[in-house]
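Colleague: I want to learn to read this model feature by feature. Where do we begin?

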Amino acid sequence: MATPFDEMNGWSGEAPREAYAQVKAWLDAAPGELLQTRRAQAELLFRRTGITFNVYGDPGGSERLIPFDIVPRVITTKEWAHIERGLVQRVEALNSLLADLYGAQEILKAGIIPEELVTLNPQHQLAVMGHQPSKGVFVHVAGVDLVRTGPDDFYVLEDNARTPSGVSYMLENREMMLRLFPELVARSGVAPVETYTDMLLETLRSVAPSGPEREPTIVVLTPGPFNSAFYEHSFLADKMGVELVEGADLFVRDNLVYMRTTEGPKRVHVIYRRIDDAFLDPLFFRPDSTLGVPGLLAAYLAGNVALANAVGTGVADDKAMYSYMPEVIRFYSGQEPILANVPTWRCREDDHLAYVLDHLPELVVKEVDGSGGYGMLVGPHATKAQIDEFAAKLRAAPQGFIAQPTLALSTCPTLHDGKLEPRHVDLRPFVLTGADGVRVTPGGLTRVALTPGSLVVNSSQGGGTKDTWVSGF
Amino acid sequence: MLSRTAANLYWTGRYIERADFLARLLEATGRLSALPSTYGGDPTAWGGALAAAGVDDIYNGLHDEISEAAVVSFLTMSPDNPSSVRGCVERARSNARAVRTGLTREAWESLNSAWHEVLRLQALDASKTEIREFTEAVQRAVATFDGAAQRTMLRDDAFWFLQLGAAVERADNTARLLDVKYHLLLPRDEPVGGSLDYFQWSTILRTVSALTAYRWVYRDAVKPWLVADLLIFNDRMPRSLTCCYDTIVELLDYLASGSGRRGPAHRQAAQVQLGLREGDVKAIFSSGLHEFVEQFIVDNNKLGLAIAEQFAF
């Protein structure tokens, strides 16, 4: 593969990019040991704060730090303006799509999306068919994964419309940079991100069911301290000043949701839930779920509580639906997509499957409902045996997979053993949708694959993070 | 406040307090056992420490004899002992971690650091770890946590439940210490020129960090009935039973100030407080110090249950 585009150094042989002028000058002037010292300080601070995540299937240390790289990823305000418009357009389309799929299903009638993609999708929740959530918003919090392959080439890789995580790292990484490199941050004119939690609170408040209460009670629902993202759940609850509840802290009576407090039951109006649909209510979904709240769905359908995100958003963000997003955007907005999709082969279609099977060594193959970097094949990095094994899985259940070309993801200089080396990065900006519109925080979470050449950036697969600067005066 | 959050904070307070008590107990016992027996050195001191920590049954089930090394290891780090210092700090932290939102960042970080410090000390060779270094590190960590909580937490339910757990635990610790040592405090004919028991009494005072306080309060040589008076009735001595119950009643009043609701915990605490306010050392010695302390421990446990009932833990 040719040398990929580098966020700081551009194409191989080019002069460093303007956006990085300040950072580059600082890096050039800083002695190597200073970078190492700062890196060690960052790790110490993260550990003291307890900013950890839990790794599933890791019996050893259940709390781990996500590696943090001190070299920021910089985006110019001009580039950001383009990204932001694209994100707003995309998330508006996702909300329109969900309202339609759980309502009149115009898009299916128009033949834009094959019907079985919806009807056979386990994420299409029949229980909420015909229900319009409070204020009509389905996806209150979206994390749209972007990748870059050239100066002006941004692609959407995934729409995360269920319970996207990582925003706490966006915020904590900035705090860390402000602490370690205050002057550099100031000199670079970095757009602040710290208003995210206020905007999230505003968003949640705006979708509270109408009622006599002056102030709605908002809670964050977590699966508990053993969940991989528990730190984030507690972080967000704390920053918003709302209770962090587990399923057992809530109960439903007469289709109203209450939390158990030391002063008796207290009515709850909005639940920012960080548990999947399947675990929300054992009466409707998985009966073995101890994480959820019996009766919650009935209360939701009665319009007495808002869930963020709404029930059933998974139908819109799986990777098979993803491949139709350009058509979806055109259908609802009449506009051309601002952010492009990565070309995608749907293995459910025979000719696509045949192509994919023939080209496995050069493709990335993903489960349509997978996440976290689990269960995917990265062709160029796979062994012959892994490819053969995957081909068998594909033939057995082709509808479960999509394939994409292996993109030459951009790289960003990253500290490794005291030296800067290029590592592949992606970007997850966070998009909030309330009754009063869409808000995007400038920046997002940059994830970095720490293994040389690796394209898998997920923290569960050993990826790290960087602070993301939208920079320019 | 969520009942679960309240319960987690209450137990965070209790475990931190217990860790602190254990650290003092280890330090004071170490001093006592190091004395030659002609100066009151007590070869059974470590057995007494196990009893005061309330873990003598577990220890005896696992060990044939009581040795300093075995008891120190058991009280500090042993995985066999759920109430080891390590166990207490770990549980304080896991309770706090479940309710991160109930604590300020400063308070949480100090507790998290304490946990990492305990892990660091544990990783050192246990036989070489100076017991003193360990106990001081724990006491310092607890003080840092208390300071962070005092300075940064809102004065609301979260703070009060944390303090409530600490006060209930503190009362229990002082009472258990008295329970183990009561026979030393009984009045009897004193030989002129001081007693070998002086070191036993001063050990008791050290365990609750009250040796200096004793001198300020009584301006007298250490006398057993005054030690009992200080630990039970002196309302200015933070680890005395009376002071603990004054604190408990005050905290329960704060907790009721929002809703105006009072319950079984209020009644139980007020009853115990009244008994302490009306009692004195003479009466207790005539009716039996041991019986008094045993009854107090039972009553204090009842309060724990009443708190759990009233706040739906």
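**Reading the strands**

Modeller: Begin with strand β11 (residues 270-273) of chain A, where V270(A) and Y272(A) point one way, I271(A) and R273(A) point the other way, and all are buried. Buried means that 20 or more other C-beta atoms lie within 10 Å of the residue's own; exposed means 12 or fewer, partly exposed is in between, and C-beta atoms are placed from the backbone. Helices (H or I, at least four residues) and strands (E, at least two) are DSSP runs, numbered from the N terminus. This is a predicted model: local features need pLDDT of at least 70, side-chain atom pairs count only at pLDDT 80 or more, and totals for chains, interfaces and linings use all residues. Residues are numbered from 1 along each chain as its sequence is written, while chains are lettered from A and ligands numbered from 1 in the order in which they are written.

Colleague: Which strands join β11(A), and in which sense, parallel or antiparallel?

Modeller: Strands of a sheet pair through backbone hydrogen bonds, either parallel or antiparallel. Two strands count as paired if DSSP finds at least two bridges between them. Strand β6 (residues 218-221) of chain A runs parallel to β11(A), with four bridges. There, I218(A) has V270(A) as its bridge partner. β12(A) also pairs with β11(A) in the parallel sense, over three bridges.

Colleague: What are the partners of β5(A)?

Modeller: Strand β4 (residues 141-150) of chain A pairs with β5(A) in the antiparallel sense over seven bridges. A hairpin of two residues joins β4(A) to β5(A). D145(A) stands opposite E158(A) in β5(A). Strand β13 (residues 340-341) of chain A runs parallel to β5(A), joined by two bridges. V156(A) has N341(A) in β13(A) as its bridge partner.

Colleague: Is β5(A) mostly covered or uncovered?

Modeller: β5(A), residues 153-160, is mostly covered, with six of its eight residues buried.

Colleague: What is the order of the four-strand open sheet in chain A?

Modeller: The order is β14-β17-β15-β16 (chain A), with antiparallel pairing. β14 (345-346) and β16 (377-378) of chain A stand at the edges; each has a single partner strand, so one side of each lacks a neighbour in the sheet. β14(A) pairs with strand β17 (residues 401-405) of chain A over two bridges. R346(A) has I402(A) in β17(A) as its bridge partner.

**Helices and backbone angles**

Colleague: How does the reach of α8(B) stand against the expected span?

Modeller: The expected span is 1.5 Å times one less than the number of residues. Helix α8 (residues 157-185) of chain B has 29 residues and reaches 39 Å from its first C-alpha to its last, close to the 42 Å expected. α8(B) has a kink of about 50 degrees centred on D179(B). The bend at a residue is the angle between axes fitted to the seven residues ending there and the seven starting there. α8(B) is largely enclosed by the rest of the structure, because 24 of its 29 residues are buried.

Colleague: Where do the backbone angles call for a second look?

Modeller: Most residues other than glycine have a negative phi, and most peptide bonds are trans. Q105(A) is not a glycine, yet has a positive phi of about 60 degrees. Q105(A) sits in the loop between α3 (77-101) and α4 (106-109) of chain A. D254(A), also not a glycine, has a positive phi of about 50 degrees. D254(A) lies in the loop between β8 (250-253) and β9 of chain A. The peptide bond from A308(A) to N309(A) is cis, with omega near -5 degrees.

Colleague: Why does D254(A) count as exposed?

Modeller: D254(A) counts as exposed because it has 10 C-beta neighbours inside 10 Å. Q105(A) has 15 such neighbours, so Q105(A) counts as partly exposed.

**Interface and confidence**

Colleague: How many residues of chain A are in contact with chain B?

Modeller: Contact means that two C-beta atoms, placed from the backbone, lie within 7 Å. By that rule, 17 residues of chain A are in contact with 19 residues of chain B. α2 (32-49), α9 (230-240), β7 (243-245) and β9 (256-261) of chain A each supply at least two residues of the chain A side.

Colleague: Where is the pLDDT of chain A below 50?

Modeller: pLDDT is the predictor's confidence in each residue, from 0 to 100. Chain A has a mean pLDDT of 91, and 96% of its residues reach 70 or more. Over residues 57-61 of chain A the pLDDT is below 50, and this stretch has zero contacts in the model beyond near neighbours in sequence. Where pLDDT is low, the predicted coordinates should not be read in detail.
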